[in-house]
Amino acid sequence: VSGAVAERFTLRAYFCYSCVISGLVYPVATHLAWSRDGVFSARRANRLVAGCGLLDFAGSAVVHMTGGVAALVACIFVGPRVGRFGRHRRHLQQQSVAFQTLGVLLLWCGWYGFNGCSTLAIAGGYGGVAA
């Protein structure tokens, strides 16, 4: 959500929006998908959604779909960045290539660390298949 509303929200509005997303929206969405009695959970005994429920490996579907929808809703309500589009748009300066590279490397290491460890946690010896 943070990248979608950058330069559109004030710091106070961003803080309030983050609190609502973290305190209300994510807990409800994760309960619906990950709880044993959640509506979309594949671990329910009966009345599965679409006959199979939602299988969410490492939380990727719930977390990213919820964040994407929250960002879309925020962008629809706030509108485009001022000065970014239209006849009087301003040229954006290039940012630091060194910081961009450092950010990519940090995300890359975090991604490999998280996904590698969560794949190893798959029961039944199917971790190599998921990787």
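Residues are numbered from 1 along each chain as its sequence is written, and side-chain values rest on heavy atoms, with hydrogens and water left out. Because this is a predicted model, local features need pLDDT of at least 70 and side-chain atom pairs count only at pLDDT 80 or more, while totals for chains, interfaces and linings use all residues.

The chain has four helices and zero strands, in the order α-α-α-α along the sequence. Helices here are DSSP runs of H or I with at least four residues, strands are runs of E with at least two, and both are numbered from the N terminus. Of the 131 residues in the chain, 18% are buried; buried means under 20% relative accessible area, exposed means over 50%, and partly exposed lies in between, with a 1.4 Å probe and protein chains only. Among contacts with a separation of 6 or more, 46% join residues 24 or more positions apart, a contact being heavy atoms within 4.5 Å.

Rolling a probe the size of a water molecule over the atoms shows where empty space is left. On a 1 Å grid over the protein atoms alone, a cavity is a set of points where a 1.4 Å probe fits but cannot get out, whereas a pocket is an open set with protein on both sides within 12 Å along at least five of seven lines; lining residues have an atom within 4 Å of a point. The second largest pocket has a volume of about 160 Å³, where volume is the space filled by probe spheres set on the points, which are joined across faces, edges and corners. Its lining consists of Ala29, Ala33, Phe40, Gly53, Leu54, Ala61, Val62, Met65 and Thr66. The elements that give two or more residues to this lining are α1 (11–34) and α2 (60–78), and α2 provides the largest share, four residues. By class, the lining has seven nonpolar, two polar and no charged residues. Nonpolar covers Ala, Val, Leu, Ile, Met, Phe, Trp, Tyr, Cys and Pro, charged covers Asp, Glu, Lys and Arg, and the others, Gly among them, are polar.

Thr66, one of the lining residues, lies in helix α2. Is Thr66 buried or exposed? Thr66 counts as buried because its relative accessibility is 12%. Its side chain reaches the backbone oxygen of Val62 at 2.7 Å. Leaving aside residues up to four places away in sequence, Thr66 touches Val25, Tyr26, Ala29 and Ala61.

The count of aromatic pairs comes to one. Rings of Phe, Tyr and Trp (its six-membered ring) pair if their centres lie within 6.5 Å; planes under 30 degrees apart count as stacked, over 60 as edge-to-face and the rest as tilted. Phe9 and Tyr17 form an edge-to-face pair, 5.6 Å centre to centre with 85° between the planes. Phe9 is partly exposed at 21% relative accessibility, whereas Tyr17 is buried at 18%.

Ser35 sits in the loop between α1 and α2 and is buried, with a relative accessible area of 17%. Beyond residues up to four places away in sequence, Ser35 touches Thr30, Ser41 and Arg43. Val28, in helix α1, is partly exposed at 48% relative accessibility.

Technical notes: Polar contact = N/O pair within 3.5 Å; in protein donor to acceptor, adjacent residues only side chain to side chain.
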